[in-house]
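Hi,

Here is the model I said I would pass on.

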Amino acid sequence: MDKPVNNRAWFLVMPVLALVAFSALLPLMTVVNYSLQDTFGGNQFFWAGLEWFEDVVHSDRIRAALGRQVLFSASILAIEIPLGIFIALNMPKKGVWASFCLVVMALPLLIPWNVVGTIWQVFGRVDIGLLGYTLTKLGISYNYVNDPIAAWITIIVMDVWHWTSLVALLCYAGLQSIPDAYYQAAKIDQASRWKVFRYIELPKMQGVLLIAVLLRFMDSFMIYTEPFVLTGGGPGNATTFLSIDLVKMAVGQFDLGPAAAFSLIYFLVILVISFVFYTLMTKEGEAL
Amino acid sequence: MQKSVTIGFGLAGLVWMGFIAWLVMQVPMRDGSRDWFGSMNPGGWMAWTFPAALFFTIIAGLLVLFTWLAIRFPETPRKGVLGINSTRGDRLFISLLGSAFICLIWLGVVGTPVWGALVIALIYAAAVFRWV
């Protein structure tokens, strides 16, 4: 049966387009306008051309923040993806325990970002926090307030605690969709556990894994609230990621022009990475 | 149907050109000549300047043009050198996104002005439309 095609149906999406225009498009256009100008307040702007973009591209401070951001995203992906797969593989497939595990796994995802930051801020304190106090009593030098390595470890562990569940739940959904016939065939062939994982489970999880990597990469690349609450970007600039640096520039220093240029470049980087992931995902969908 | 669509998009093209003419008229005057980089609405909403307004108008014009092309000359996605299925719209997106990065790299390596980057971006866009 042929599907009826009526291009006038596009008019039905006009309200959504209007909403997107006001919530996303117009602010983005304003940012572009600001990125080409300079202001000293009072809503008076002066033409600056591409000066701010040149400054941002050459800025050592922003390059350092970008380096930290990439390192952070790479670190959490390297931990959360294998850990999420491992948890999903070991979760019960059916029964009461399956439901229980699903609820427990979903709990960290329900906690707001700023609350997660506060929980870990208190948890890691050496005077009253369970983690900080215990480590100090065990003779381990740990203080995320003045030690950059401790601050990094705390932020990474916090992110792993908060978001590994998402990866695990996505992988679990992927695993649940594998028909039993595959496992039965593998059993008949006396395939090892590793081979079952390598040739049945991993290929079947590929689609959801790509989504998990995309979601976690995007979210970690734009992370702001949790490290801001936990360390405020410190000690020094040790945990100042791109978004924290951007907010410092735009709101703290009120450098609207450079901040606008910075945010546009940030946006472009995220756009290109999203496009690559989207292309890979749709390509994968076509192959299936 | 095809004729009415073409007439509709033709009218949109006329509106687009009229809008550009209106933008030119909005450019502020300074010392008897047009100040192309001056504020078009001093103290007003969104801090508009002519170059930024022209940039968005061209993007909007390209979107309308490619919508018309998609309706008037329907196509099936093709697989190019990147190994991905792409339509004209996808190639436009890849061209615009790549051009933005070409300009940024130019700014980082050479600096302003970016006319050289614009030439490279145009060559890049032509290559994308031919081979991607």
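**Helix packing in chain A**

H3(A) and helix H9 (residues 193–221) of chain A pack with their axes 9 Å apart, at an angle of about 145°. Axes here are lines fitted to C-alpha atoms, for helices over the stretch in contact, and angles run from 0 to 180 degrees between N-to-C directions. Helices (H or I, at least four residues) and strands (E, at least two) are DSSP runs, numbered from the N terminus.

Before going further, some housekeeping: this is a predicted model, where local features need pLDDT of at least 70, side-chain atom pairs count only at pLDDT 80 or more, and totals for chains, interfaces and linings use all residues. Residues are numbered from 1 along each chain as its sequence is written, while chains are lettered from A and ligands numbered from 1 in the order in which they are written.

Back to the helix pair. H3(A) passes H9(A) in a right-handed crossing (left-handed if the near helix is turned anticlockwise from the far one by less than a right angle, right-handed if clockwise). On the H3(A) side the residues that meet H9(A) include A:Gln69, A:Phe72, A:Ile76 and A:Glu80; on the H9(A) side, A:Val213, A:Arg216 and A:Phe217 are among them. Contact means that the C-beta atoms of two residues, placed from the backbone, lie within 7 Å. The residues of this helix contact divide into eight nonpolar, four polar and two charged. For those classes, Ala, Val, Leu, Ile, Met, Phe, Trp, Tyr, Cys and Pro count as nonpolar, Asp, Glu, Lys and Arg as charged, and the others, Gly among them, as polar.

**Chain A overall**

Chain A has 12 helices and two strands, in the order α-β-β-α-α-α-α-α-α-α-α-α-α-α along the sequence. Its C-alpha trace spans about 75 × 70 × 30 Å along the principal axes. Of the 288 residues of chain A, 28% count as buried (20 or more other C-beta atoms within 10 Å of the residue's own; exposed is 12 or fewer, partly exposed in between, with C-beta atoms placed from the backbone). If you take the contacts in chain A between residues at least 6 apart in sequence, 69% join residues at least 24 apart.

**The cores**

The largest nonpolar core has 39 residues, and A:Phe53, A:Val56, A:Ala261, A:Phe262 and A:Ile265 have the most contacts inside it. A nonpolar core is a set of buried Ala, Val, Leu, Ile, Met, Phe, Trp, Tyr and Cys residues joined through C-beta atoms within 7 Å. Both chains take part: H2, helix H3 (60–90), helix H11 (242–252) and H12 of chain A, together with helix H2 (50–72), helix H3 (88–109) and helix H4 (115–131) of chain B, each supply at least two residues of this core. H12(A) again has the largest share, eight residues. Domain 1 (1–74) and domain 2 (78–132) of chain B both give residues to this core, so it lies between them; the domain bounds come from an automatic or database domain assignment. The centres of these two domains, taken over C-alpha atoms, are separated by 22 Å. Leaving aside neighbours within four places in sequence, A:Ile265 is in contact with A:Val56 and B:Leu104.

A cis peptide bond joins A:Gly234 and A:Pro235, with omega about 0°, and A:Pro235 is in the loop between helix H10 (225–230) and H11 of chain A. In chain B, the bond from B:Thr112 to B:Pro113 is also cis, with omega near -5°; B:Pro113 lies in the loop between H3 and H4 of chain B.

A:Gln190 is not a glycine, yet has a positive phi of about 55°. A:Gln190 counts as exposed, with 7 C-beta neighbours inside 10 Å.

Cheers
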